[in-house]
Amino acid sequence: MGYKSESYENQAKTIIKNLEKRNMKGYYCETGKKALDLIKSILPKGALVTNGGSETLVETGIMDLIRSGDYKYIDRKSAKTPEESRALYGRIVTADYYLMSTNAITKEGELINVDGVGNRVACLINGPEHVLVITGMNKVVPTVEDGIRRVRNIAAPPNSIRVGSKTPCSVTGFCSDCQSDDCICSQTVITRRSMKPGRITVILVGEEYGF
């Protein structure tokens, strides 16, 4: 084990203990491959599964798993009209498992997420029976304030480019606290605990994923 890997594992142990105090489960996986194997062991066959937008899920192979595995997968992008989208969202919030990443996580176990429309953070807060949050250790921050700064200046600029939003940060690379119609930072949610014990499971991965 290298120095960085050992440091990641030490950080993860601290975070997992703090997650437990907040009614959330925590796991540490050294690699994305091990995280994928863990997800396979958690998801029961036939479960109704869906996801929020996440490069981490793509990069780790988790998206391929839930699309092709023995699950009832709800594709959030399959709706063709606003009416279909509304009906589809009604199914999403009743899913057995909702998979997502987080924009940042503090050493104390708080999750920081910033959304545009807010469908992802809404499902984190309430709806799906179980929420699995998969995150690389590159998203660990000391405090909530550090997490918000991370989202605005590290995550939002490339995310804006990814989704094709014409925001100032997509051009300058830095947050300008914009009020753009394309702004993807309309909703800021800090998850400091889970009201339902064990509903939220956080899988920390000892590699860098996502933005």
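Me: Two strands pair if DSSP finds at least two bridges between them. In this predicted model, which residue of β6 is the bridge partner of isoleucine 105?

Reply: Strands β5 (residues 104-106) and β6 (residues 111-115) run antiparallel and are joined by two bridges. At least two bridges are required, so β5 and β6 count as paired. In β6, the bridge partner of isoleucine 105 is leucine 111.

Me: Which strands are the edge strands of the sheet?

Reply: The sheet is open, and its four strands follow the order β8-β5-β6-β9 with mixed pairing. An edge strand here pairs on one side only. The strands that do so are β8 (140-141) and β9 (187-191).

Me: What angle does the direction of helix α7 make with that of β6?

Reply: Helix α7 spans residues 144-163 and packs on the sheet, where α7 touches β5, β6, β8 and β9. Relative to the direction of β6, that of α7 makes an angle of about 35°.

Me: Which element gives the most to the lining of the largest pocket?

Reply: The largest pocket holds about 950 Å³ of space. Its lining has 37 residues, with Gly53, Arg76, Asn119, Arg120 and Arg162 nearest the centre. Two or more lining residues come from each of α3 (55-59), α5 (82-92), β6, α6 (119-125) and α7. With six residues, the element that gives the most is α7.

Me: How many residues does α7 supply to the lining of the second largest pocket?

Reply: This pocket contains about 240 Å³ of space. Among its 18 lining residues, Cys175, Asp177, Cys178, Cys183 and Cys185 are closest to the centre. Both α7 and α8 (168-172) supply at least two lining residues. The largest share comes from α7, with four residues.

Key: Residues are numbered from 1 along each chain as its sequence is written. This is a predicted model: local features need pLDDT of at least 70, side-chain atom pairs count only at pLDDT 80 or more; totals for chains, interfaces and linings use all residues. Side-chain values use heavy atoms; hydrogens and water are left out. Contact means heavy atoms within 4.5 Å. Axes are lines fitted to C-alpha atoms, for helices over the stretch in contact, and angles run from 0 to 180 degrees between N-to-C directions. On a 1 Å grid over the protein atoms alone, a cavity is a set of points where a 1.4 Å probe fits but cannot get out, and a pocket is an open set with protein on both sides within 12 Å along at least five of seven lines; lining residues have an atom within 4 Å of a point. Grid points are joined across faces, edges and corners, and a volume is the space filled by probe spheres set on the points.
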